[in-house]
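Student: Could we look at this chain together, one question at a time?

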Amino acid sequence: MKNNKYLVLAVFILVGTIAHAQAPGFVDDVEDTAPIPGLLLAVCAAIGIGVAKLRAKK
């Protein structure tokens with residue numbers, strides 16, 4: 001049951017991120033630089049470390 005909660009949480013986070021990334025249209029005056037490069041990798045690493053620590057406690 002606990003694994004299902006984590007799976008559902010991960011899916012909602014991914015779907016929310018993907019939905020937020022979809023722009024409604026194209027605008028000509030948009031800068032093509034990311035404000036914080038590697039933010040997604042940092043979040044994934046933090047989640048991975050948290051999961052590893054939770055599994056180590058068992």
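Predicted model: local features only at pLDDT ≥ 70, side-chain atom pairs only at ≥ 80, totals over all residues.

Tutor: Residues are numbered from 1 along each chain as its sequence is written, and side-chain values use heavy atoms, leaving out hydrogens and water.

Student: How many helices are there in the chain?
Tutor: Helices are DSSP runs of H or I with at least four residues, and strands are runs of E with at least two, numbered from the N terminus. The chain has zero strands, and its helices number two.

Student: Is L9 buried, partly exposed or exposed?
Tutor: L9 sits in helix 1. Buried means under 20% relative accessible area, exposed over 50%, and partly exposed in between (1.4 Å probe, protein chains only). L9 has a relative accessible area of 48%, so it is partly exposed.

Student: Which residues lie nearest the centre of the largest pocket?
Tutor: A pocket is an open set of points on a 1 Å grid over the protein atoms alone, where a 1.4 Å probe fits, with protein on both sides within 12 Å along at least five of seven lines; lining residues have an atom within 4 Å of a point. Helix 1 and helix 2 (39-57) each supply at least two residues of the lining. Of the 17 lining residues, those nearest the centre are Y6, L9, A10, I47 and V51.

Student: How much space lies in the largest pocket?
Tutor: Grid points are joined across faces, edges and corners, and the volume is the space filled by probe spheres set on them. For the largest pocket, that space is about 610 Å³.
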